[in-house]
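Please examine the model shown below before reading this report.

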Amino acid sequence: MEELLRRYIRGEVSDEERAKIARWLDDDPENMREFKAMRKLYDISLWQTEAQASSNPKKVTGKIWRMTFETLKIAAILVVGFFASKLIIPHESETVHTQTIHVPPGQRAELTLADGTEVWLNSGTTLRFPDRFAENKREVMLDGEGYFSVRHDANRPFTVQTSRYAVRVLGTEFNVKAYENSSLFETALIEGSVEINSPRMAESLRLKPNELAVANSNTIHVSSIPDYNYFKWKEGLLCFEDESIQNLMKKLELYYDITVDIQNKSLLHYRYTGKFRIRDGIEHVLKVLQLKHRFSYTKDDDKNLIVIK
């Protein structure tokens, strides 16, 4: 059905196929939402191509960036965060558009920036980036968690700005977690080299491959990456390794943008190891935990609250 919808949006279907799509849309309101999401992505991709063509009418090399989604349901809310504003690049007369991508709770997204850098965005993350980078630097703004595979360019360092710290690289793979509504900041380096700096720091901190930097206040602690399941969220998995139930619930609150009130304090004595698919949702996690521990829970959708009893 997905390929048929794509051909329908491009106007490449027969009358019989058009009737089939009409019946599918009438079957379930969710189908219409999925169709509108795909249509919106298609419109954005056209806008991107047109923007590049207008800046260089003699050469169009393709989309400035692309997005791939686990399901169409993800796109329905994700593209709501898209907007364009104008900035002027130093030493250049052409207009640059700053774009914003927001990933809704319980979802994830992937995109490729104008320089070829690949970015994976976790649940509840917002990324702001230009459709073209300046001649002497590459800079993006992150609120949330992102995994970056940066295209090497010695003349243009790549910087991820967060609300508390900046992570500067030339070409590398690393993960940054820095949600503005959380005091936790983390950067994990897989390969290459990164520097972490902040106005609060006397000097920059340079990480080596396989190192993890964690800051809960103004102090940064560096250690080895304890478990490479840490990055499985890129594949749509939440992984917990000997995690306390309290920390597990805090992560679920971040990923699903929900408040969890643990009234059953006996749960706080337990730890858990396991993996969950992000798209299965928080209630699936709770039902799995119920197989090992005795508790009940209620969910208030209006207050976005889960109470564990």
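## Basis of the report

The structure is a predicted model. The residues are numbered from 1 along each chain as its sequence is written.

## The largest pocket

The largest pocket holds about 1,000 Å³ of space. It is lined by 39 residues, and those closest to its centre are K177, L184, E186, E243 and K251. By class, the lining of this pocket consists of 15 nonpolar, 10 polar and 14 charged residues.

Several elements give two or more residues to the lining of the largest pocket: the strands β7 (138-149), β14 (211-215), β15 (220-224) and β16 (237-244), together with helix α5. Of these, β16 gives the most, with eight residues.

## The largest cavity

How many cavities of 30 Å³ or more are counted in the model? The count comes to one. The largest cavity contains about 30 Å³ of space.

The residues T162, S163, R164, A178, Y179, S182, L184 and F185 line the largest cavity. Four residues of this lining are nonpolar, three are polar and one is charged.

## Helices α5 and α6

Helix α5 spans residues 245-256 and helix α6 spans residues 282-290. The two helices pack with their axes 11 Å apart, at an angle of about 160°. Because an angle over 145 degrees counts as roughly antiparallel, α5 is roughly antiparallel to α6. The crossing of α5 and α6 is right-handed.

From α5, the residues I245, L248, M249, L252 and Y256 make the contact, and from α6 the residues I282, V285, L286 and L289 take part. By class, the contact of α5 with α6 has nine nonpolar residues, with no polar and no charged ones.

## Helices α1 and α2

Helix α1 covers residues 2-9, and helix α2 covers residues 15-27. Their axes come within 11 Å and cross at roughly 115°. Angles of 65 to 115 degrees count as roughly perpendicular, and α1 and α2 are therefore roughly perpendicular to each other. The crossing of α1 and α2 is left-handed.

On the α1 side, the contact is made by L4, L5, R7 and Y8, and on the α2 side by E17, R18, K20, I21 and W24. This contact of α1 with α2 has five nonpolar, no polar and four charged residues.

Terms used. Predicted model: local features only at pLDDT ≥ 70, side-chain atom pairs only at ≥ 80, totals over all residues. Heavy atoms only, no water. 1 Å grid on protein atoms, 1.4 Å probe; cavity = no way out; pocket = protein on both sides within 12 Å on 5 of 7 lines; lining within 4 Å. Points joined across faces, edges and corners; volume = space filled by probe spheres on them. Nonpolar A, V, L, I, M, F, W, Y, C, P; charged D, E, K, R; others polar. Axes fitted to C-alpha atoms, helices over the stretch in contact; angles between N-to-C directions. Helix = DSSP H or I, 4+ residues; strand = E, 2+ residues; numbered from the N terminus. Parallel < 35°, antiparallel > 145°, perpendicular 65-115°, else oblique. Left-handed = near helix turned anticlockwise from the far one by under 90°. Contact = heavy atoms within 4.5 Å.
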